[in-house]
Amino acid sequence: MQHTYKRVFLIVMDSVGIGEAPDAELYNDKGADTLGHIAEHLGGLHLPNLAKLGLGNIREIEGVPKTDKPLAFYTKMKEASAGKDTMTGHWELMGLKIDSPFQVFPDGFPEELIEELEKRTGRKVLGNKPASGTAIIEELGKEHMKTGAIIVYTSADSVLQIAAHEKVIPLNELYQICQIARELTLDEKYMVGRVIARPFVGEPGNFERTANRHDYALKPFGRTVMNELKDGGFDVIALGKISDIYDGEGITDAIRTKSNMDGMDKLIQTFDRDFTGLSFLNLVDFDAKFGHRRDPEGYGQALEEFDARLPEVFEKMKEEDLLIITADHGNDPLHHGTDHTREYVPLLVYNSTYTKGKELPIRETFADVGATIAENFGVQMPNYGTSFLTELKQGD
C-alpha cells in the first residue's frame, strides 16, 4: 500500500505551550504563556532551528525571528478535552476527547480514600500531601523505616505516588499496594491518572530512589490511532514515557529514556531503523525539571539544547519521512503555583522535500495530528480530528 510518508516522527516537547488558550480563565490560567514568558524573562531565546521551521511565524517570541521562507507548515492547536494534564493532551493527540478531567490534589487525598487504603493494605499512611519525591523521603524516610507506614504523596499532576524502602516493604508488596491504590482511584470521584511505586534504599540522610519505579496508568478510554496502526501491521515505537502514558496500548516497541538529551539520542537511533509507521517521543524534562519547579532559566537552556540537536534530525531524514513537533499542554514557569497551564501548543510539520512551508489554519483539537497520521497510513480514522495531510501535499 502506498503511503505519502513511510515514517512519521512525532516529538512532544512536554509542556511547551505558546500562549493562553481561549478558555484559560476557566483553569485559573489567564495570561499564561510558557514560551513567551521564558523568552521575555531571559531577554530572548536562541532557537535558530525552530525559527527556520517557522516557530517565530506562529507568533512573536523574543529572540526567535519570523522567517520569509519557513521550512515547515506551522500553526498552533487548541485542546478540545477538559483538562490540562499529560495524559489528556497525549490521548487527544491520538484521536480521543476527554470530557471528565483527571483530578489533582493540591491539599492531599481525601481522608476516606486514605482510610480505605490503610484498611486494605494493613499499613498506615505518612505524608499525604504534594511534595518532591526526594524531599519527602528525606523528611519521612526515618519514620517510615521505624513504623513500616507507607509514604503517600502527590504532585501538580494527577498522580498518587507511594514510596517505601525496599528493605522495609519488599517490592512485591509495594507493587501490590499500588495495585490496590489503582483499584480504589478508578472511582469517578477520584479520577487519578497514574499510581506510581517509588521504591528507595539507603539510610536516613542518605536515601536514594531505585530504578524499580513502576507506573499503574489508566488505559486510554477508547481506541487510539496507535491501536489502529499496530493492528494494521505498522510499527509504533514509543520513546520516553509514551508507553506509560498509553499504558502500553498500541505500541510495538517501547524504549525508555533518562533525559531530554537521551531522548534525542534514542530518536536519532530510530532513524537508522527500517520501519513503517510512527516513532513517538516525549521530552519530559521541560515539564518535570523546569515547568513544575518554576525554573525559567533551566527551561530556556533546555529549549536551546533541544534546538541544537535538530540539525542531526534533519540530516537523518529521508524523503519519505515526516517530522511533527508539538506539545501536550503548557507549564509556564513564571505563572503562579506549580501546575500545568491551559495553553495553545505549537505545531511544526516538516519534510526534507518541502521548498517552502506555510501557515495552516489554527487547529480546533490536538486530534488533528492523529487524524493526519491515520489518513497517511490508511487506517481507521479517529472519531475526533481533521487531517491536514492534503494541505501538506498541496504546499510542497
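1. Basis of the note. Residues are numbered from 1 along each chain as its sequence is written, and side-chain values use heavy atoms, with hydrogens and water left out. The model is predicted, so that local features need pLDDT of at least 70 and side-chain atom pairs count only at pLDDT 80 or more, while totals for chains, interfaces and linings use all residues.

2. The cavity. On a 1 Å grid over the protein atoms alone, a cavity is a set of points where a 1.4 Å probe fits but cannot get out, whereas a pocket is an open set with protein on both sides within 12 Å along at least five of seven lines, and lining residues have an atom within 4 Å of a point. The largest cavity holds about 70 Å³ of space, a volume being the space filled by probe spheres set on the grid points, which are joined across faces, edges and corners. Its lining consists of D85, T86, M87, D157, S158, G193, R194, K241 and I245. At least three of the lining residues come from each of domain 1 (7–98 + 221–391) and domain 2 (111–217), with domain bounds taken from an automatic or database domain assignment.

3. The largest pocket. About 1500 Å³ of space lies in the largest pocket, and among its 46 lining residues R198, R209, R213, A288 and R293 lie nearest its centre. Because domain 1 (7–98 + 221–391) and domain 2 (111–217) both give residues to the lining, the largest pocket lies between them. Strand β6 gives the most to this lining, with five residues; strands (E, at least two residues) and helices (H or I, at least four) are DSSP runs, numbered from the N terminus.

4. The second largest pocket. This pocket holds about 210 Å³ of space and is lined by 15 residues, of which G95, L96, G222, R223 and N383 lie nearest its centre.

5. A helix pair. Helix α5 (residues 111–121) packs with helix α7 (residues 171–184) at an angle of about 140°, their axes lying 10 Å apart; axes are lines fitted to C-alpha atoms, for helices over the stretch in contact, and angles run from 0 to 180 degrees between N-to-C directions. The two helices, α5 and α7, are therefore oblique to each other, given that angles under 35 degrees count as roughly parallel, over 145 as roughly antiparallel, 65 to 115 as roughly perpendicular and the rest as oblique.
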